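Look through the model below before reading on.

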Amino acid sequence: MLWRETESPCRAGFAVTRQVRGSVRRNRARRRLREAFRAARAAAPAQAAVVVLGKRGALDTPLPELTEQLRGALAAIPERRARP
């Protein structure tokens, strides 16, 4: 996962590596990541841009476990720092 602070509300983008062979499988992995993000969105900082990078495990991991992994990764992003 990649992230950066922004002035706008939280937004997310999804990319799946081409090591996941076949466009149908890549799109399915992307859909699963989107669904996991919807369920874990509350753990994300209020003002951040996030890019979720999907690998082969996104297809094999059960959705509840994938959601928990994503929730943990989103919770690890520090909150916006106060500027003077």
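The model is predicted. In soluble globular proteins, nonpolar side chains tend to be buried together. Here the largest nonpolar core has 18 residues, and those touching the most other members are L33, V50, V52, L70 and L74. Strand 2, helix 1, strand 3, helix 2 and helix 3 each contribute at least two residues to this core. Which element gives the most to this core? Helix 1 does, with five residues.

Setting aside neighbours within four places in sequence, L70 has contacts with M1, L33, A36, F37, A40 and V52. Two of these partners, L33 and V52, are listed with L70 among the core residues that touch the most other members.

How many aromatic pairs does a search of the whole structure find? The search returns one. The pair consists of F14 and F37, in an edge-to-face arrangement with 5.9 Å centre to centre and 75 degrees between the planes. The geometry is called edge-to-face because the angle between the planes is over 60 degrees. F14 belongs to strand 2 (residues 11-16) and F37 to helix 1 (residues 23-40), so the pair links distant parts of the chain, 23 residues apart. F14 and F37 are both buried.

The largest pocket holds about 190 Å³ of space. Its lining is made up of M1, L33, V52, L53, G54, K55, G57, A58, L66, Q69, L70 and A73. Strand 3 (48-54), helix 2 (57-60) and helix 3 (63-75) each provide at least two lining residues. Helix 3 supplies the largest share, four residues. Sorted by class, the lining comprises eight nonpolar, three polar and one charged residues.

The C-alpha atoms of Q19 and G54 are separated by 9.9 Å, and the two residues are 35 apart along the chain. Is Q19 buried, exposed or partly exposed? Q19 has a relative accessible area of 49%, so this residue counts as partly exposed, the class between 20% and 50%.

Note on methods: Residues numbered from 1 in each chain as written. Predicted model: local features only at pLDDT ≥ 70, side-chain atom pairs only at ≥ 80, totals over all residues. Heavy atoms only, no water. 1 Å grid on protein atoms, 1.4 Å probe; cavity = no way out; pocket = protein on both sides within 12 Å on 5 of 7 lines; lining within 4 Å. Points joined across faces, edges and corners; volume = space filled by probe spheres on them. Nonpolar A, V, L, I, M, F, W, Y, C, P; charged D, E, K, R; others polar. Phe/Tyr/Trp six-rings, centres within 6.5 Å; stacked < 30°, edge-to-face > 60°. Buried < 20%, exposed > 50% of the residue type's maximum accessible area, 1.4 Å probe, protein only. Core = buried A, V, L, I, M, F, W, Y, C linked by side-chain atoms within 4.5 Å. Contact = heavy atoms within 4.5 Å.
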